[in-house]
Amino acid sequence: MTKTKPFPWSSILILLGSLTAIFFSGQTFQAQHRPEPIYPGIGLSAEKKLSDYFPGLRNTKGDTEVYVFEGRDKGGTVLILGGTHANEPAGFVTAVLLVENIRVSRGRVIVVPRANASAFSHSDPQEANPQRFSLPTASGERWFRLGSRLTNPVDQWPDPTLYVNPAGQILSGPEVRNLNRCYPGRPTGYLTEKVAYGIMELIRREHVDLGLDVHESAPEYPVINALVFHENSADLASLTLMAMQAEGYDIRLEASPQNLRGLSHREWGDFGHIKAVLIETANASHGRLKGKPSASLIVDGKDKFYVQAARRGRLFVPFDENGIPLKLRVARHLAAIKALLDSLGELEPEKTVVVEGLPAPGGVERMGAGAFLRPRR
Amino acid sequence: MRLVYQIIVLYLTACLTVYLFREKKVASQVGAGLILIMFLLRLLLVK
């Protein structure tokens, strides 16, 4: 008597279950690719793309929005980059606040909120970070993605074992996807190098005088609450330091190391011949000592483990039960940008840039960044 | 390079699917099904 094989019901059911899980998890992954809306204010003169400066980026995931604010009177040109690292939300939110609020009466301000657009489309593996966080505004919640420090590997893969960046520095392989290690870029290189090259082209073609790269870092990182400046910008950074301290913001200066290559504060100065400053604030959600990652950790910045670390003298910034909320980090960035613009005009009057509508740092500290975001359309 | 990657993942996905239908223990089938989720997401380059 021949034995018939039983119908594989369990295998089919499990396969169907797997396909269902793929459908829903795939949608969650894909949601991270949808950009959060930005609503430029009335001061916007032109909205461009980075591919307008380097066509090699057209129709790639590296292309990104460039917002130009031009005054009636001639003055200097300032480039402000947010989202170089998409997991440093204060830099991105600060750039969005600028795009949605400022008007320029003299000179020009160019803002690139999502400098590494691809890095916003995924999150760091094994970090359990939330995909997004939201800020309350007068017209309801506005959401923002929390991306990764690196370009999405779907857009640029594989990483080399060792990466020799365009400035000749040897780095670990994954740094090939770190925009702030890829300057001055390569027109025929990796996608991230092309983005860096596009930004260098923007600097060259728009005759930028001062470049600001807005970042965040972990409270245990030594270069924190700091201005990292190219040596050509030492006087500018010093004046800014005094202005910020007069406003009550504790800030320190760090000279850009000459042997640390590929970073904005080094190569913008060396290759772009502009003044270059990188701004850092302390973000608990970015650090290694944090507890459970969550959207509230990003926005409220409270973490009991960092409180303990501060008590034991392990941090480079004060950290108490009130944490370091996003509104305070954004306010610090805005205060630094305002002080840098004022100092540029003081040092080189012909390069003065006059900006109106810049959210007051004190107001952002009191009411939160959401109070200065434009209503949803 | 991407095509090579996808061919490798496709081969492994096919092996897993065959294993899922050959294996008699339900616990092993569930294990294969869970791993299949990750392989198919990789195959479709969903990240």
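Good morning. Helices (H or I, at least four residues) and strands (E, at least two) are DSSP runs, numbered from the N terminus.

A word on the source. This is a predicted model, in which local features need pLDDT of at least 70 and side-chain atom pairs count only at pLDDT 80 or more, while totals for chains, interfaces and linings use all residues. Residues are numbered from 1 along each chain as its sequence is written, and chains are lettered from A and ligands numbered from 1 in the order in which they are written.

Is H2(A) mostly covered or uncovered? It is mostly covered, with 13 of its 13 residues buried; buried means that 20 or more other C-beta atoms, placed from the backbone, lie within 10 Å of the residue's own.

Helix H2 (residues 89-101) of chain A meets helix H8 (residues 326-347) of chain A, their axes coming within 9 Å and crossing at roughly 60°. Axes are lines fitted to C-alpha atoms, for helices over the stretch in contact, and angles run from 0 to 180 degrees between N-to-C directions. H2(A) is therefore oblique to H8(A), oblique being what remains once angles under 35 degrees (roughly parallel), over 145 (roughly antiparallel) and 65 to 115 (roughly perpendicular) are set aside. Residues in contact have C-beta atoms, placed from the backbone, within 7 Å. On the H2(A) side the contact includes Val93(A) and Leu97(A), and on the H8(A) side Val330(A) and His333(A) are among the residues.

I turn to Tyr190(A), in the loop between strand E8 (170-172) and helix H3 (191-205) of chain A. Why does Tyr190(A) count as buried? Because there are 23 C-beta neighbours inside 10 Å. Leaving aside neighbours within four places in sequence, Tyr190(A) is in contact with Gln156(A) and Val176(A). Asp155(A) lies 35 residues from Tyr190(A) along the chain, and their C-alpha atoms are separated by 9.7 Å.

Finally, chain B. This chain has two helices and zero strands, and its C-alpha atoms fill a box of roughly 35 × 20 × 10 Å along the principal axes. Of the 47 residues in chain B, 15% are buried. The contact between the chains takes 18 residues from chain A and 15 residues from chain B. Thank you.

Terms used: Two residues are in contact if their C-beta atoms, placed from the backbone, lie within 7 Å. A residue is buried if 20 or more other C-beta atoms lie within 10 Å of its own, exposed if 12 or fewer, and partly exposed in between; C-beta atoms are placed from the backbone.
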